[in-house]
Amino acid sequence: MIRLLAAVLAFVVTSNAAAVPPLGEIRLDALASEASHTVGLIRRGGPFPFAKDGSVFANREHRLPRRYRGYYREYTVAPAGARERGARRIVAGRGDELYYTRDHYRSFLRLRGRLSLIQN
């Protein structure tokens, strides 16, 4: 029984570790100014241009580290005056981490830089 439990636990640990591909990183100042603006809105708590901004990101694609439901929130990175949301998003975690996707959740980059000092 103990061997079976150990085997199941080993499987769960290794399959969870392999489920999230390694994430690259990018500095916020390397992205378009719209991303910096969105981060500023996140830090201030809005107001956001789209009704879905701030909604729970469920991480169904398992591209980000696994966390409990409600840990991640998603925000639109759209050109100024855009009526459509497009594919670019910033996903914010409760641990203050920020992730950028330009292809609607197919891939993510973790944002680096002076994120807490954004004033846009």
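Which residue forms a salt bridge with E74, and how far apart are the closest N and O atoms? The partner is R85, and those atoms are 3.2 Å apart. By salt bridge I mean a side-chain nitrogen of Lys or Arg within 4 Å of a carboxyl oxygen of Asp or Glu.

Quick housekeeping before I go on. This is a predicted model, so local features need pLDDT of at least 70 and side-chain atom pairs count only at pLDDT 80 or more, while totals for chains, interfaces and linings use all residues. Residues are numbered from 1 along each chain as its sequence is written, and side-chain values use heavy atoms, with hydrogens and water left out.

Okay, the overall layout. The protein chain has two helices and six strands, and from the N terminus the order is α-β-α-β-β-β-β-β. Those are DSSP runs numbered from the N terminus: helices are H or I with at least four residues, strands are E with at least two. Of the 120 residues, 35% count as buried. Buried here is under 20% relative accessible area, exposed is over 50%, and partly exposed is in between, with a 1.4 Å probe and protein chains only. As for contacts, meaning heavy atoms within 4.5 Å, take those with a separation of 6 or more: residues 24 or more positions apart account for 48% of them.

Back to E74 and R85. E74 is in strand 3 (residues 72–76), and R85 is in the loop between strand 3 and strand 4, 11 residues apart. Buried or exposed, these two? Both are buried. And there's a network here: salt bridges that share partners join E74 and R85 with D53 and R89.

In total we get six salt bridges. Another one is R112 with E25, at 3.0 Å from N to O. R112 lies in strand 6 and E25 in strand 1 (residues 24–27), so this pair ties together parts that are 87 residues apart in sequence. R112 is partly exposed, at 35% relative accessible area.

Then there's R43 with D96, where the closest N and O atoms are 3.1 Å apart. R43 is in helix 2 (residues 33–44) and D96 is in the loop between strand 4 (89–93) and strand 5, so to speak a link between distant parts of the chain, 53 residues apart. R43 is partly exposed too, at 30%.

Now the aromatics. Rings of Phe, Tyr and Trp (its six-membered ring) pair if their centres lie within 6.5 Å; planes under 30 degrees apart are stacked, over 60 edge-to-face, and the rest tilted. That rule gives eight aromatic pairs. Take F57 and Y105: their ring centres are 4.9 Å apart and the planes sit at 40°, so that pair is tilted. F57 is in strand 2 (residues 55–57), and Y105 is in the loop between strand 5 (98–101) and strand 6 (109–112), 48 residues away. F57 is buried at 5% relative accessibility, and Y105 is buried at 7%.

Compare Y68 and Y71: centres 5.5 Å apart, planes at 85°, so edge-to-face. Y71 is buried, at 10%. The charged end of R67 also sits over the Y71 ring, 5.6 Å from its centre. For that call, NZ of Lys or CZ of Arg has to be within 6 Å of the ring centre and within 35 degrees of the ring normal.

Put together, F57, Y68, Y71, Y72, Y99, Y105 and F108 form one aromatic cluster.
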